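Reader: I am new to this structure. Please take one part and go through it closely.

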Number of protein chains: 2
Amino acid sequence: MKPLAPGSTIGILGGGQLGRMLAIAAAQLGFDVCIFTDEPDSPASRVAAKTIVGNYLDTAALADFARRVAVVTTEFENVPAQTAEALIAAGARVAPCPNALAIAQDRFDEKSFLQALGIATPPFAAINSQADLETAVERIGLPAILKTRRLGYDGRGQIRLKSEADVAGAYAKLGAPGILEGFCAFEREVSIIAARGWDGAIVHYDLCENEHEGGILSRTTLPAKVNAAVQGAALEAAEKVLHAFDYVGVLTIELFVMADGSLIANEMAPRVHNSGHWTIEGALTSQFEQHIRAVAAWPLGPATRLAQIEMLNLIGEDADAWLALAADPNARLHLYGKRDTRAGRKMGHVTKLIV
Amino acid sequence: MKPLAPGSTIGILGGGQLGRMLAIAAAQLGFDVCIFTDEPDSPASRVAAKTIVGNYLDTAALADFARRVAVVTTEFENVPAQTAEALIAAGARVAPCPNALAIAQDRFDEKSFLQALGIATPPFAAINSQADLETAVERIGLPAILKTRRLGYDGRGQIRLKSEADVAGAYAKLGAPGILEGFCAFEREVSIIAARGWDGAIVHYDLCENEHEGGILSRTTLPAKVNAAVQGAALEAAEKVLHAFDYVGVLTIELFVMADGSLIANEMAPRVHNSGHWTIEGALTSQFEQHIRAVAAWPLGPATRLAQIEMLNLIGEDADAWLALAADPNARLHLYGKRDTRAGRKMGHVTKLIV
């Protein structure tokens, strides 16, 4: 693919905060952005040259979108397969590839894919019935986590199974095809964020150390408290995944670091990631610009980190403290323009650079 | 004024690159932006939630704009007095104040104002006829520069007078009320960029050292090669101007540094400034965010510089090198989304951080 000239239009599926930050990065490089979203008045649409509000299964609207843009990318992995097919049928280039999206949106396929590449995962089993669950619990043991295979994020669609009592009736409670995952007694959680260009070049960011609260990322710090071997192993995993998909764009893998330094992959996100928001101020090229560079077939930028980092998510009413946060000279404040503050909703984030 | 809550709409007069970078900064803080411009498909409108395309003298369109926004600011100083009046009549808060805009758009008023504050300027005289010009040349001497009083920028509307031969017929050539300015044999050109909040607090950036080509800024470097006394004197001048206007927002003064270290004010810009583009990556708070913070009555952010800086403007066909610039790991590339490359047109810029 030839590098897209400035002034070209980049299409983004999804109107949330990731789409918003991608749109801003694209604009800074001279691109126009067209957002496709099913949400009127979305955060991303308010910084984009053009928005198409439509259903993700509306073939005509998708064809209109495809005609207007030089390349289509996405801010989320749960893009319906029909959406990607309709876009490709309408002549759109889609990056990352629909196959990466399809695999990442199914936890069972994702873990099977990772294992096939030799990347360690927690023990897991597909669960299509209460009987499946009971068999799997026998093999994997407790504690374990029962998750929906699809459409879970930020801790939703998950049931923790600590004892046999939790297992009884759990499949009915989940109410959808599931996956049972063995519990990992990890020492810390990290993520590797890396980008691959159309030419196969890979650039990676320093490992992010992540803390979650209630299943939602609350805090990311860098440098992660791991040695160089762990960073190297994480990068190796990312490279395997990127090359396996012939991937174009930014990809994230969340990993558990075990007491012996070994890594276990928790999940992958075929997109920019919350744990990479610090790159806006903290790296020479942000993950958002990096993703746009990749999908536009531009050379990737340097991922050099500029400082020690602490990134804090503003969840729900955390964002009500905007004035105090704005007054903190150490906090770089980002708010996503969401109209309603709701519990568990990502409203913004703050990045602190220790220089 | 109470700090504007995130989700409020900030109105910006003007749709150029400064409006574009202001709109992006406002979005990052969670504001919506409404652009008012007479240019369809402007660079700023492509990153704004809403755009009103209208004539700057269209009272009804301006009233519509005023109703939609919590505060109005501007990316340019040549806002017609009627525009500001119409906005204020429609109930808009305007920052910076119309008086600062009015004075900055007339070179004679501007220099008179600066002198009244005790800020040195080149010798100057109002020129309303060839006879005025000849009298002024006698007093001020040659070389000198004859400029239009109004609507000149980037070297336009200027005639250099080196000899008596240049003086003959010069007023007719200018074709508008003018100002004669004595030539300053300066050692270097610098600019001071400072912001003042609604509460009177002032934050300033390090002095920028500027090089021009053909009357257009070509290169800004920091630190400027001046001593602390020069930085202090520049800040003192900025503080005088900011307080005199009870100014709210970012203001820039371009200054000549003479061989003896004294400063002579060349002009002031009641807005963010090209010589401050480096602050996007090079300072903890960019000039654009700083301006938005000021007009939204938020606390000002720290202006701390993070590195040695070189900012290069991309003028006209300079921007055709976008691919090579994108491949330079030391260059942070910004393109403004202008549809046509024209000689002398500011198409983008590049910031290099030496860390």
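Author: What covers the buried residues of α6(B) includes β5 (124–127), β6 (144–148), α7 (164–167), α8 (170–174) and β8 (178–182) of chain B. Contact here requires that the C-beta atoms of two residues, placed from the backbone, lie within 7 Å. Helices (H or I, at least four residues) and strands (E, at least two) are DSSP runs, numbered from the N terminus. This is a predicted model, in which local features need pLDDT of at least 70 and side-chain atom pairs count only at pLDDT 80 or more, while totals for chains, interfaces and linings use all residues. Residues are numbered from 1 along each chain as its sequence is written, and chains are lettered from A and ligands numbered from 1 in the order in which they are written.

Helix α6 of chain B spans residues 130–140, and its buried residues are B:Leu133, B:Ala136 and B:Val137. A residue is buried if 20 or more other C-beta atoms lie within 10 Å of its own, exposed if 12 or fewer, and partly exposed in between, with C-beta atoms placed from the backbone. Seen down the axis of α6(B), the buried residues fall within an arc of 105 degrees, so they line one face of the helix. The arc is taken over the directions from the helix axis to the C-beta atoms. An α-helix has 3.6 residues a turn, so residues three or four places apart point the same way.

The other side of α6(B) carries the exposed residues B:Ala131, B:Glu138 and B:Arg139. Just after the helix α6(B) comes B:Gly141, with a positive phi of about 85 degrees.

Elsewhere, in chain A, helices α2 (residues 59–68) and α3 (residues 81–89) pack with their axes 9 Å apart, at an angle of about 50 degrees. Axes are lines fitted to C-alpha atoms, for helices over the stretch in contact, and angles run from 0 to 180 degrees between N-to-C directions.
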